[in-house]
Amino acid sequence: MQQYSYYPGCSLHSAHKGYDMSCRAVAEKLGCELIEIEDWNCCGATIYMSVKEITSLAIASRNLALAEQYPRDVVAPCSSCFTVLSKANRYLKNNRELDQKVNSCLAEAGLHYGGGVRVRHPLDVLTNDVGTEIIRTYVEKPLAGLKIANYYGCQIVRPERGFDDRENPTTMDDLFESLGAENVYFPMKVRCCGGMLMTTYEEVALKLSKELLECALENGADCIATTCPLCQMNLESYQDKINRAFGSKFEMPILFFTQVIGVALGIDEKTLGIDKNFYRCKKLEEIARSTAVAAGNGKPAPELVEA
Amino acid sequence: MKIEDIRTPGRLTPKESELRVAFLEQVGVIPGGEKIKACIQCGTCTGSCPVSYAMDVPPRELIALFRAGDMEALLKSKAIWTCASCYACQTRCPAAIKITDVIYALKRTAMERKIYSAKFPVHSLADSFMKSMFRFGRLNEPRLMVYYFLKSGFWKAFSYLPLGLKMAGKERIEYRASKIKDIKGLRKIMKAAEKLDMPIEYEVKPYREEAVGYKAVG
């Protein structure tokens, strides 16, 4: 059984419990063990990085130092945590002076970070460690007929080239295709949703989010699948505000990609935290209610049943 | 630009050169930050930016202004606070300039110089973030919002009320802030790092005739 150090981050413990629940459920089903980093702290997020550099790197590195005690990769589902942790990793590797400064701060708490941790995103783990071919064998409820707009957001594919292309990532598309879903044409898959501008410069962020929803709706998507808690928050919770501001009538369900995968793997909706979302995806609920097909569970795949 | 800042071509005013040093110090931290020199002014960054339409100085002009020697206008611009950190410019830049990180460097320089008031939204959000981090080691969203509204204007809180109620209905609000176990250690780390983050004091030279090369008007 593959083991990973799990870094949930603050938002997965509060406003986005559904992401946390579905990540854990899917990992368990696919035979990966997520071991939460003990006594982790907030990563500092994007806003801190832009304001105080060394402090933000030091608090991010504390988590990496804690994770370094075990020979496991760190899995960070929140896009912001993922970027900040990988950025801290990269900066310390490239700038020795910075590395010394940060480690002198860590030494105050008796910690040291040597730079030996790999930071990964669940999407990366699912496609590259587990593999779509294996995931396919676990499918109990094929997502036939579900039209998904895959929204990657900014921070898992940029700034450095990671596990996927920066302009046209396809890992999530491949994943859903192997689960039997239909990926709609969604050219805005890496366009910004507004991020934290939603609190500091609302009118701009509302426009950006509205454009995304519009694009998904026009291309006939039943739901948007996302990898980022902040994108989910902006697109889902602010839909009321967007409707008021632009006179639109969006009721687009925004799901975490792990929730969609979870349904296909036959995990029930409560465990995946889908009931915590504001908008219900009727098509996905239909699939969840359908009878399960016998799954291979790791053995060669039985052909997907086309509906 | 004030009258005493008028300068001969090719020479920088003391204030300008001082701001430049401060800014370049921040840029120096970025791996590959020195590539800012390689800008070809193609405008790919402005074209890729989803929020450039709302910026007073779009990304290409930011670098042009830096080159032209008007750091003050650069640091005073609203544009650096409009950036949503999506990194679209940075990935597409043909000269591999780390534009988003350069904008971060500008933000830090502007904050360091106190060009923006503490009531400024980004500043107060960052401060509130810091407060929550220092107390608990983790971010508590309701508390963050309360701190933020107290700082940036209380009336704003009312427009967030419906959303808060909706979130509460779905059990998506964590009221109890949980402290991490080694909060003392984290506080020590933060205090030590804050000291290193303190602005470096540069010598500000008073205006002298020789510095400009001619007697200023008046």
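How many residues of chain B are in contact with chain A, and how many of chain A with chain B? In this predicted model, 63 residues of chain B meet 71 of chain A, contact meaning heavy atoms within 4.5 Å.

A few notes before the views. Residues are numbered from 1 along each chain as its sequence is written, and chains are lettered from A and ligands numbered from 1 in the order in which they are written. Since the model is predicted, local features need pLDDT of at least 70 and side-chain atom pairs count only at pLDDT 80 or more, while totals for chains, interfaces and linings use all residues; side-chain values use heavy atoms, leaving out hydrogens and water.

**View 1. The interface of chain B and chain A.** About 6,000 Å² is buried here, with carbon and sulfur atoms giving 60%; buried area is the accessible area (1.4 Å probe) that two parts lose on being put together, summed over both. On the chain B side, look for B:Arg138, B:Arg172 and B:Ile189, which lose the most area to chain A, together 12% of what that side buries. There are 12 residue pairs in polar contact between the chains, both residues at pLDDT 80 or more. (A polar contact is a pair of N or O atoms within 3.5 Å; within protein, one must be able to donate a hydrogen and the other to accept it, and residues adjacent in sequence count only if both atoms are side-chain atoms.) Helix α12 (residues 183-197) of chain B supplies the largest share of the chain B side, 10 residues. Helices (H or I, at least four residues) and strands (E, at least two) are DSSP runs, numbered from the N terminus.

**View 2. A salt bridge that crosses between chains.** The rule finds seven salt bridges across this interface, each a side-chain nitrogen of Lys or Arg within 4 Å of a carboxyl oxygen of Asp or Glu. One of them pairs A:Glu53 with B:Arg108 at 2.8 Å, N to O. Both A:Glu53 and B:Arg108 are buried, where buried is under 20% relative accessible area, exposed over 50% and partly exposed in between (1.4 Å probe, protein chains only). Over all chains, the structure holds 29 salt bridges. A:Glu53 sits in helix α4 of chain A and B:Arg108 in helix α7 (residues 99-112) of chain B, so this pair joins two chains.

**View 3. Two salt bridges within chain A.** A:Asp73 and A:Arg118 bring their closest N and O atoms to 3.7 Å. They are 45 residues apart: A:Asp73 is in strand β3 (residues 73-75), A:Arg118 in the loop between α6 (96-107) and β4 (119-120). A:Asp73 counts as buried because its relative accessibility is 19%. A network of salt bridges links A:Asp73, A:Arg118, A:Arg120, A:Asp124 and A:Asp129. A:Glu97 and A:Lys101 form another salt bridge, 3.7 Å from N to O, and both lie in helix α6 of chain A, four residues apart, about one turn. A:Glu97 is exposed at 53%, and A:Lys101 partly exposed at 28%.

**View 4. Around A:Leu143.** The largest nonpolar core has 181 residues, and A:Leu143, A:Phe176 and A:Phe257 have the most contacts inside it. (Such a core is a set of buried Ala, Val, Leu, Ile, Met, Phe, Trp, Tyr and Cys residues joined through side-chain atoms within 4.5 Å.) Helix α4 (residues 53-67) of chain A gives the most, nine residues. Not counting residues up to four places away in sequence, A:Leu143 touches several residues, among them A:Leu179, A:Val260 and A:Ile287.
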